[in-house]
Amino acid sequence: MTSPKKMAAKFRVSASTIRNYEAKGLIPPAERSSNGYRIYTELHAAYLSCIQAMAPAFGMEVTTEVLYSLQRDQPQDAMWITRKQEVTLYEEKEKLERLIEDIRIYANDNKSPDAEETYSINEVSTLTQVPRSAIRYWEQAGYVTADRDPDNHYRRYSSSHLLTIRLLQVLQSAVYSEDTVNFKQSIAALEHTDLQEVMRVAEDVRTYLDKIIESQMCGISYLHQLIRFIKNQ
């Protein structure tokens with residue numbers, strides 16, 4: 001058993017952060033000493049270890065859902081939640097690999113920009129399976145800038161625009177982090193026709209996803225330790 005101050009120091013967080021976790025039901029209620037002070041146990045330490053291992057890989061929303069399942073004594077539900085996230089990450093990795101291959105193919109075609117077919121926002125949405133609202137939001141945020149039809153000023157997108165939109169789509173489902181913010185800023189700064197730079201960012205995102213799957217495995221190992229700890233209580 002230990003005090004809030006010592007527990008906070010062990011996990012390099014503030015005591016108020018731990019109290020906040022407790023208030024939100026992410027960790028079990030603390031025991032109380034005779035004078036009313038909180039006392040934390042090895043069980044609380046196991047929960048905090050799990051939070052710190054899972055949050056970077058799965059995000060706080062998913063981590064919260066997992067811990068709520070444990071609090072309801074539903075460890076199987078907690079494990080299935082993480083498995084769903086692993087599958088999602090795998091699917092995004094597959095999308096990214098197809099995108100990288102398509103960038104290579106497109107770069108080797110050496111088509112003249114004037115000879116390229118262009119697409120409306122509806123056609124782009126159908127081709128990429130990205131909602132029009134998301135495409136418009138990315139344009140407002142400066143991540144992608146459509147060309148304009150000289151006759152009616154409607155948005156027109158080239159094949160290189162589609163590559164950029166598909167890259168943004170991969171990042172859309174990733175856990176929010178400083179890395180994902182930096183990737184989007186890199187996309188905003190590049191010319192969509194600069195395929196070498198588009199490829200560089202795509203390959204950097206691939207390296208990032210490789211780090212995330214490793215981080216997910218680490219988080220799941222701590223979750224498994226926590227489930228075993230609870231079972232043996």
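Predicted model: local features only at pLDDT ≥ 70, side-chain atom pairs only at ≥ 80, totals over all residues.
**Entry 1: the cores.** I began with the largest nonpolar core and found 36 residues in it. Leu96, Trp138, Tyr157, Ile165, Leu167 and Val205 have the most contacts inside this core. I then looked up which elements give two or more residues to it, and they are α4, α5, α6, α7, α8 and α9. Helix α9 (195-231) supplies the largest share, 9 residues. There is also a second, separate core of 28 residues, with Ile27, Ala45, Cys50 and Phe58 among them.

Entry 2: Which residues does Leu167 touch, leaving aside its neighbours within four places in sequence? I listed Leu96, Leu99, Ile187, Val198, Val201, Ala202 and Val205.

**Entry 3: the salt bridges.** I counted 11 salt bridges. In one of them, Lys95 meets Glu92 at 3.4 Å, N to O. The two sit 3 residues apart in helix α4, so about one helical turn separates them. Is Glu92 buried or exposed? Glu92 counts as buried because its relative accessibility is 9%, under the 20% cut-off; Lys95 is partly exposed at 30%.

Next I checked Asp204 and Arg200, whose closest N and O atoms are 3.1 Å apart. Both lie in helix α9, 4 residues from each other.

Entry 4: Arg206 and Glu97 form a salt bridge at 3.0 Å, N to O. This pair links distant parts of the chain, as Arg206 is in α9 and Glu97 in α4, 109 residues apart. Arg206 is partly exposed at 22%, and Glu97 is partly exposed at 26%. I also noted that Arg206 and Glu97 belong to a salt-bridge network with Lys93 and Glu203.

Note on methods. Residues numbered from 1 in each chain as written. Heavy atoms only, no water. Core = buried A, V, L, I, M, F, W, Y, C linked by side-chain atoms within 4.5 Å. Buried < 20%, exposed > 50% of the residue type's maximum accessible area, 1.4 Å probe, protein only. Contact = heavy atoms within 4.5 Å. Salt bridge = Lys/Arg side-chain N within 4 Å of Asp/Glu carboxyl O.
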